[in-house]
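Work through the exercises below with the sequence and the structure open. Try each task before reading its solution.

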Amino acid sequence: MLYYYWTVRYVPDTVRPTTVGVGVVVSSQSTLDVACKFITTPSDIVDIGGPQENMIESLKDIEKEISNIGVSSKNIYTYMDRLIRNSNGILQFDNPRSASGSSSEEVAHELYDRMIA
């Protein structure tokens, strides 16, 4: 099955080019099958400075929103587009790319293991 995924990057200083991947969001085309996987502690990534605890809290908030999308009438694509447009802070969201797999959860874990962990 075809899925779309967004990568999430931590950008502690927008002037510096240094970023670190901190998670992925995955959705089927129908948007009913949605999953995400984010780092859970600052020690999960390379220390590039900045407000890492704030970043972790933001990721938790996004994870809650995404889990609610899976059981509501909200559209994951609309939500992610809003995050991309407004991502000028410590978290930035890349445009969606495609991937294949049997479930969004499987794709999220595979992409996280390959790109983030």
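A salt bridge is a side-chain nitrogen of Lys or Arg within 4 Å of a carboxyl oxygen of Asp or Glu. The structure is a predicted model, in which local features need pLDDT of at least 70 and side-chain atom pairs count only at pLDDT 80 or more, while totals for chains, interfaces and linings use all residues. Residues are numbered from 1 along each chain as its sequence is written, and side-chain values use heavy atoms, with hydrogens and water left out.

**Exercise 1. Secondary structure and overall form**

Task: state how many helices and strands the chain has, and in which pattern they follow one another.

Solution. 
Step 1. Apply the definition: helices (H or I, at least four residues) and strands (E, at least two) are DSSP runs, numbered from the N terminus.
Step 2. Count them: there are 3 helices and 5 strands.
Step 3. Read along the sequence: the pattern is β-β-β-α-α-β-β-α.

**Exercise 2. Burial and contacts**

Task: find what percentage of the 117 residues is buried, and what percentage of the contacts between residues at least 6 apart in sequence joins residues at least 24 apart.

Solution. 
Step 1. Set the classes: buried means under 20% relative accessible area, exposed over 50%, and partly exposed in between (1.4 Å probe, protein chains only).
Step 2. Buried residues make up 43% of the chain.
Step 3. A contact means heavy atoms within 4.5 Å. Of the contacts between residues at least 6 apart, 63% join residues at least 24 apart.

**Exercise 3. The salt bridges**

Task: say how many salt bridges a search of the whole structure finds, then trace the one between Arg9 and Asp94.

Solution. 
Step 1. The search finds 4 salt bridges.
Step 2. In one of them, the side chains of Arg9 and Asp94 meet at 3.0 Å, N to O. This pair links distant parts of the chain, 85 residues apart: Arg9 is in strand E1 (residues 2–10), and Asp94 is in the loop between strand E4 (91–93) and strand E5 (97–100).
Step 3. Arg9 is partly exposed at 22%, whereas Asp94 is buried at 16%.
Step 4. Asp94 also meets Arg97 in a salt bridge, at 3.8 Å, N to O. Arg97 is partly exposed, with 36% relative accessibility.
Step 5. Turn to helix H3 (residues 104–116): Glu110 and Arg114 both lie there, 4 residues apart, about one turn of the helix. Their closest N and O atoms are 3.1 Å apart, in a salt bridge. Glu110 is partly exposed at 36%, and Arg114 is exposed at 62%.
Step 6. Join the bridges that share partners: Arg9, Asp94 and Arg97 form one network.

**Exercise 4. A loop residue**

Task: locate Val46 and list what Val46 touches, not counting residues up to four places away in sequence.

Solution. 
Step 1. Val46 lies in the loop between strand E3 (34–38) and helix H1 (52–69).
Step 2. Val46 is exposed, with a relative accessible area of 56%.
Step 3. The residues touched are Val20 and Gln52. Val20 is 26 residues from Val46 in sequence and 7.4 Å away in space, C-alpha to C-alpha.
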